[in-house]
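This report covers selected local features of one protein model. The sequence and structure come first, and the notes follow.

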Amino acid sequence: MRLNSRLFVPTLLLGLMVLASCGGGAKKTASSTTGWSYNEPETGGFEYQAEYEQETGPGLVFIEGGTFIMGSVEEDVMKNWDNSPRRVTVRSFYMDETEVRNVDYREYLYWINRVFIDMPEVYRRALPDTLVWRRPLAYNEPMVENYLRHPAYSEYPVVGVNWLQASDYAAWRTDRVNEMILVDMGILELDLQQSGQNNFDTEAYLLGKYEGVAGKSPMEDLDPDKDTRRVRQSDGIILPRYRLPTEAEWEYAAYGLIGNSYEERLTDRRIYPWNGHTLRNPSKKERGRMMANFVRGPGDYMGMAGDLNDEGDITVPVDSYYPNDFGLYCMAGNVNEWVADVYRPQSHEQVGEFSPFRGNQFKTKVLDEEGYVVERDEYGNIQYRDETDEDILDRSNYRTSDNRNFRDGDAISNISMGGNWSASEMSTENMYSDSPGELSSTISDRTRVYKGGSWRDRAYWLSPGTRRFLDERESRDDIGFRCAMTRVGGPSKSK
């Protein structure tokens, strides 16, 4: 049917006016409960931002969440039985396209050395352990001397970083990204004279504990009694924090099953982040090329000269091989990656079906006698303390601040499981004591999960369902990390 152009434009305008008046997806200009106008100084200046869509932070890829079968998809050759399949749901989130590179971590070290010039211990605490490359009967000194700092390895994944250092890096990255957002908008001037306690910290800024230097385009305050103001969380300008992904998030993102689904039906499960059971590319154009960096067999780390199989004697640049269906590189092989979770063999039986995670330690801000947030600590961070029994006395959704050991030997699980040990006998201290004659374990509340397989591993560990663990204070030459960020709002991006 052919439309009359003279009638189409007025009809279209009338339709838009009707939609606006009905509020059917249109931007609201007044409160539906009070009738007061939003964003108007004449009515007090209450600000409301409609139709918010989160920006994708630097280096990140959007991962649309959903349900999937988390756990092993092949025989457990290690006989650990620590990841039996179970269905869970993961919220939408963002994840780094690649592993964190040496150049990224050197930028972090450079900033620390410049800002904490009078506090050298901060720099020393952040340094990766380059001695992880050493072996008693192997000549790896070139890696000790060159891998972190030589430009030849700038695009390679950083290693020798423990779980605590990786978490600190993510916190630092949050502040640098948000600081630059405010600088680019003209709200703040870039202050290169920051030092020690007086450095830009996202949370400190939002709480009014960082003043900084006002830019040429400060935030206008619509309150008729004020001129300008600092950015608020309700403005949606400040991005959520960078962090380590949870184990469920990492595994979900690694499989990339979005490429194998059709109308809420999964057509094929995967062993690896790609289709099929082989480790070489089956496509006609790329047939035979390796899909990841791993050990093919005893003593074979890269194949024979003239036809190297994976082009990697050790690690390789972080954007090597082929991205999975979410656009993520090296989710199998190259380096293992830290995730946020505390390790327990039976996590699959204990964690929630929605956003599963073990490792919660609930804290609250330290307040002064008048109820205000106290000044920042010597490193410029907002001060927190563990929640006490008094803080959570009237809560029913959780009963303890430290939940790393929840339902794993604590008094609550002792009662609910019908055990016959006393609470003192089942305490964390006794469970993980190294004293002779007492119950002990290599698994503690400091034990963290790492996943993905590495350049030192056989193909079995490349499956996202496998899991291993290491003390959060330790590091290795085959463990790196990548960051994630929470998705706020709806699970799907606006079209």
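## An arginine in a loop and its partner

Arg 456 is partly exposed, with a relative accessible area of 21%. Here buried means under 20% relative accessible area, exposed over 50%, and partly exposed in between, with a 1.4 Å probe and protein chains only. The model is predicted: local features need pLDDT of at least 70, side-chain atom pairs count only at pLDDT 80 or more, and totals for chains, interfaces and linings use all residues. Residues are numbered from 1 along each chain as its sequence is written, and side-chain values use heavy atoms, with hydrogens and water left out.

Which residue forms a salt bridge with Arg 456? The partner is Asp 477, and the closest N and O atoms are 2.9 Å apart. The pair links distant parts of the chain, 21 residues apart. Arg 456 sits in the loop between β15 (447-451) and β16 (468-471). Asp 477 sits in the loop between β16 and β17 (479-480). Asp 477 is buried, with a relative accessible area of 2%.

## Other salt bridges

A salt bridge is a side-chain nitrogen of Lys or Arg within 4 Å of a carboxyl oxygen of Asp or Glu. By this rule the count comes to 31. One of them joins Arg 476 to Asp 478, with the closest N and O atoms 2.8 Å apart. Arg 476 is partly exposed, at 27% relative accessible area. Asp 478 is buried, at 3%. Elsewhere, salt bridges that share partners join Glu 47, Arg 229, Arg 232 and Asp 235 into one network.

Arg 404 forms a salt bridge with Asp 402. Their closest N and O atoms are 2.7 Å apart. Is the arginine of this pair, Arg 404, buried or exposed? Arg 404 is buried, with a relative accessible area of 14%. Asp 402 is partly exposed, at 29%.

Strands of a sheet pair through backbone hydrogen bonds, either parallel or antiparallel. Helices (H or I, at least four residues) and strands (E, at least two) are DSSP runs, numbered from the N terminus. Two strands pair if DSSP finds at least two bridges between them.

β15 and β16 pair in the antiparallel sense over four bridges. Tyr 450 has Arg 468 of β16 as its bridge partner. Arg 448 is bridged to Leu 470, also in β16. Strand β12 (residues 336-342) pairs with β15 in the antiparallel sense over three bridges. There, the bridge partner of Trp 338 is Tyr 450 in β15.

How many residues of β15 are buried? Five of the five are, so β15 is largely enclosed by the rest of the structure. Both faces of the strand are covered. Thr 447, Val 449 and Lys 451 lie on one side, Arg 448 and Tyr 450 on the other, and all are buried.

## The second largest pocket

Rolling a probe the size of a water molecule over the atoms shows where empty space is left. A pocket is an open set of points on a 1 Å grid over the protein atoms alone, where a 1.4 Å probe fits, with protein on both sides within 12 Å along at least five of seven lines; lining residues have an atom within 4 Å of a point. Grid points are joined across faces, edges and corners, and a volume is the space filled by probe spheres set on the points.

The second largest pocket holds about 650 Å³ of space. Its lining has 25 residues, and Glu 107, Trp 172, Arg 173, Arg 176 and Val 177 lie nearest its centre. The elements that give two or more residues to this lining are α2 (102-115) and α5 (163-184). The largest share, eight residues, comes from α5. The lining divides into 12 nonpolar, three polar and 10 charged residues. In this count Ala, Val, Leu, Ile, Met, Phe, Trp, Tyr, Cys and Pro are nonpolar, Asp, Glu, Lys and Arg are charged, and the others, Gly among them, are polar.

## Two single residues

Asn 102 lies in helix α2. Asn 102 is buried, with a relative accessible area of 0%. Contact means heavy atoms within 4.5 Å. Not counting residues up to four places away in sequence, Asn 102 touches Tyr 147, Leu 148, Tyr 153, Ser 154, Tyr 156, Pro 157 and Val 158.

Gly 352 is found in the loop between α8 (347-350) and β13 (363-365). Gly 352 is partly exposed, at 38% relative accessible area. Gly 352 and Thr 89 are 263 residues apart in sequence, yet 9.2 Å apart in space, C-alpha to C-alpha.
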